[in-house]
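Please open the model in your viewer and keep the sequence beside it.

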Amino acid sequence: MKPTPPLPPPLSSRSTLLGLAQARRLHLAAQGLLRPFGRRPRPADVVDAIERMRLLQIDSIHVVARSPYLVLHARLGAYESDWLDKALVQGRIAECWAHEACFVPAADLPLHRAWRERGAHWAHRHAARMHRDHRPQMDGMLERIRSQGPVRAADFPRADRGVSGWWEWKPEKRWLEAWFALGELMVPRRERFQRVYDLAERVLARLDPPFVPSTLDSAALRQRFILDSVRALGITQARWIADYYRLKPSVDDAELAPLVAAGELIAMPVQGWDAPGYVHHGHAPLLDKVRAGRLPATHTALLSPFDPLVWDRARAQAMFDFEYAIECYTPAPKRRYGYYVLPILHRGSLVGRLDAKAHRGEGVFEIKALFLEPGQDATPRLAAEVGDAIARTASWHGTPRVRLERSEPAAFGRALRARWKATGAGD
């Protein structure tokens, strides 16, 4: 465990009520979403963004850019998407189970592997059962990789051709994923986003910084993940902390009290919350800035459904008054907004959402439906900045022509189309 840092200024000097809008800005600043990225992005910025968030969830749906690429675009702007793939090949990041399957900084992998050895994540427990039930086949697969080298799931033809979907994985894919969850296999690279699996010892040898096993015990590991979660979130209630790394049991105020007393965390009341917020001591300068009104929110962006900002429904509701559910796994007749709905961030608020699909062959970014939040004032500035954010996202996708099918309210849709016509982005 790292040494206890110097104590911040006394809590009494920082414990006056924080406004909800101030809490939002602190949250956005920690996540890299407070203001537009200030320069042309570079490959190292991809790793820096993941280090800031501590993890980047992986999801394979690609009606628009796959989620990890879209999360990075919201923070970096028009970066080259293959920089993420190259960071994996270079060993600067690694894949493991964290919140869900995630990219994490290479420097954090020892913590995750130590946590895995304690069987703390549901994926590890499921994989252990898989190994018990299919030991000969799984052991044989591991020996094949040891002797013949890396494999993809596609290297194993399936008998029931034409069946697809993660719920219909062929046995070999399930075994590869189980070995991945158990830590015997890792992912040195991806090919067209498909995992390539190799022995963990080979992948660990290529990490940058070099892999050194963690010596932290279970209690110290849990405390480290709690502190990293609070730092990544900027400000959070105790009840939201466990979800970030899927910690069990849940975190409560009593568990955080010693961290507050030690100066690791700052307890902070927030207007409208029935529980205190907590700020990592490393964000004390940001806290001072937001109190002084020197932390304005100026960014407008489309968010992935799996962005850390919105994946916790209770947190998104309390922080932004934004009710959000990921509907791509909901049967079509029960969807309220659409299949792959992207929240719209605008100057510190979540102002709406849109159901999008990128038609790459046609160069068209289709918006099947766009919804502003109830009571949201559809000002000319909102139309201009949201319209420009959509156009930037569409261009980055290689689908520069934007087509809007439906908008609520309809007048906002007309304003968007006029904006795109004037800038040459309309279909």
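Select His 359 first. Is this residue buried or exposed? His 359 has a relative accessible area of 18%, and because buried means under 20%, His 359 counts as buried. The model is a predicted one. His 359 belongs to strand S12, which covers residues 349–359. Leaving aside residues up to four places away in sequence, His 359 touches Val 364, Glu 366 and Thr 399.

Next, display helix H6 (residues 122–133) together with helix H7 (residues 135–148). Two packed helices are described by the angle between their axes and by the distance between those axes. Here the axes come within 5 Å and cross at roughly 100 degrees, which means that H6 is roughly perpendicular to H7. To see the contact, select Met 130, His 131, Arg 132 and Asp 133 on H6, and Arg 135, Met 138 and Asp 139 on H7. Of these contact residues, two are nonpolar, one is polar and four are charged.

The following stops concern salt bridges. Side chains of opposite charge can pair when their charged atoms come close. The structure holds 28 salt bridges.

Select Arg 246 and Glu 100, whose closest N and O atoms are 2.6 Å apart in a salt bridge. Arg 246 is in the loop between helices H11 and H12, while Glu 100 is in the loop between strands S2 and S3, so the pair ties together parts 146 residues apart in sequence. Arg 246 is partly exposed, at 26% relative accessible area, whereas Glu 100 is buried, at 18%.

Move on to Glu 255 and Arg 222, where a salt bridge joins the side chains at 2.7 Å, N to O. Which helices hold these two residues? Glu 255 lies in helix H12 and Arg 222 in helix H10 (residues 218–233), so this pair ties together parts 33 residues apart in sequence. Glu 255 is partly exposed, with 28% relative accessibility, and Arg 222 is buried, with a relative accessible area of 11%.

Then select Asp 388 and Arg 419, a salt bridge with its closest N and O atoms 2.7 Å apart. Asp 388 sits in helix H15 (residues 380–396) and Arg 419 in helix H16 (residues 410–423), 31 residues apart. Asp 388 is partly exposed at 24% relative accessibility, and Arg 419 is also partly exposed, with a relative accessible area of 30%.

Finally, select Glu 95, Lys 173, Glu 177, Arg 190 and Arg 195 together: a network of salt bridges links these residues.

Note on methods. Residues are numbered from 1 along each chain as its sequence is written. This is a predicted model: local features need pLDDT of at least 70, side-chain atom pairs count only at pLDDT 80 or more; totals for chains, interfaces and linings use all residues. Side-chain values use heavy atoms; hydrogens and water are left out. Axes are lines fitted to C-alpha atoms, for helices over the stretch in contact, and angles run from 0 to 180 degrees between N-to-C directions. Helices (H or I, at least four residues) and strands (E, at least two) are DSSP runs, numbered from the N terminus. Angles under 35 degrees count as roughly parallel, over 145 as roughly antiparallel, 65 to 115 as roughly perpendicular and the rest as oblique. Contact means heavy atoms within 4.5 Å. Ala, Val, Leu, Ile, Met, Phe, Trp, Tyr, Cys and Pro count as nonpolar, Asp, Glu, Lys and Arg as charged, and the others, Gly among them, as polar. Buried means under 20% relative accessible area, exposed over 50%, partly exposed in between (1.4 Å probe, protein chains only). A salt bridge is a side-chain nitrogen of Lys or Arg within 4 Å of a carboxyl oxygen of Asp or Glu.
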